[in-house]
Structure formats: structure tokens, C-alpha cells
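Q: Please take a close look at the pockets of this protein and the surface beside them. Keep it brisk.

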Amino acid sequence: MLKQQEQQKEIIDSIIYAKRIQQSLMPTEKYIERNVNKLKDKRLIIINDYAENIEDIIRKLKIKKVDYIISGIPFSRIEKNKRNIIIDESKKCLSTNGKFIAYQFRNDIDKSLKINFNFIKSNIELINIPPLRIIEAYN
């Protein structure tokens, strides 16, 4: 019994240690804000929220439609239902000629895009390591 408790403590300690390492590698919100503000571009709006809330976010900002949505969300890590919701909500926010642009390492997003968009272009960026796909979806 004592050995099992020691093993559990080691596991918990390892998790806490890994979490501290992760937190030390992540930039703080203050750091991001300070550096983004250096860009001095009023068109750039940084939002810290869930992607499926995009329609509400845009409405709150009093923006009718957007021309582009650029996403680096790892769709391969998101369950299919949530993936479809994010893409559907994003499409609702696009202007008539708007584009949804995603950069991905895998093809998991393809079926969801085909449901929502008429045209899908995909290019492979070999300069990136590992190579990634840049996908443009539009109507």
C-alpha cells in the first residue's frame, strides 16, 4: 500500500513539474498585449475566446462581416461535432467573397470544409518543418 502511495505521489509531482515547465514557456497576456500593440494597426483585434463563439464576438464588436478568418486551430485534435460547429460559425461571419484560411498538418478539416464551402484550394508549404497545408475555403 505504501509503495502505491509513493508511486501516486511521484506521478502527481511529475504532472506539477510538467505544468510549471509549460507555464514558463507560455508568454503572459501582458507580454502579448505589449508586443501586439507595437504593430500599431487598428484593424488587428486580438480576442481570447473560444472559436465557436466567433459569431457573438463579431456581433459584440459591431462588425457585420469579415473578409478573412485565418485559423491555426489544430482541428485534428478537436472532436468532429465541435469542428463542424467552428467552421459553420466561421462561415456565417464571412462576407460574400470572404475566405476561411487554415494551416494544418493533417487532412481532418477537409470533410467539414466541403460541407460548408463550394471551393477549396490546398497548397503544401514545404519550407515549414514539418510541412503543412494551407487551405483556402470560399464560395
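A: Buried means under 20% relative accessible area, exposed means over 50%, and partly exposed lies in between. This is a predicted model. Y103 has 42% relative accessibility, so Y103 counts as partly exposed. Y103 is found in strand β2, which covers residues 94-104.

Y68 and I70 are among the lining residues nearest its centre, along with I45, I47 and I54. The lining has 24 residues in total. The space inside the largest pocket is about 880 Å³. Strand β1 (66-71) supplies at least two residues of this lining, and so do helices α3 (54-60) and α4 (80-93). The top contributor is β1, with 6 residues. By type, the lining of the largest pocket has 18 nonpolar, 3 polar and 3 charged residues.

Next comes the second largest pocket. Its volume is about 360 Å³. It is lined by 14 residues. I32, E33, V36, I46 and I47 lie nearest its centre. I47 is also named among the residues nearest the centre of the largest pocket. The lining of the second largest pocket divides into 7 nonpolar, 2 polar and 5 charged residues.

Terms used: Residues numbered from 1 in each chain as written. Predicted model: local features only at pLDDT ≥ 70, side-chain atom pairs only at ≥ 80, totals over all residues. Heavy atoms only, no water. Helix = DSSP H or I, 4+ residues; strand = E, 2+ residues; numbered from the N terminus. Buried < 20%, exposed > 50% of the residue type's maximum accessible area, 1.4 Å probe, protein only. 1 Å grid on protein atoms, 1.4 Å probe; cavity = no way out; pocket = protein on both sides within 12 Å on 5 of 7 lines; lining within 4 Å. Points joined across faces, edges and corners; volume = space filled by probe spheres on them. Nonpolar A, V, L, I, M, F, W, Y, C, P; charged D, E, K, R; others polar.
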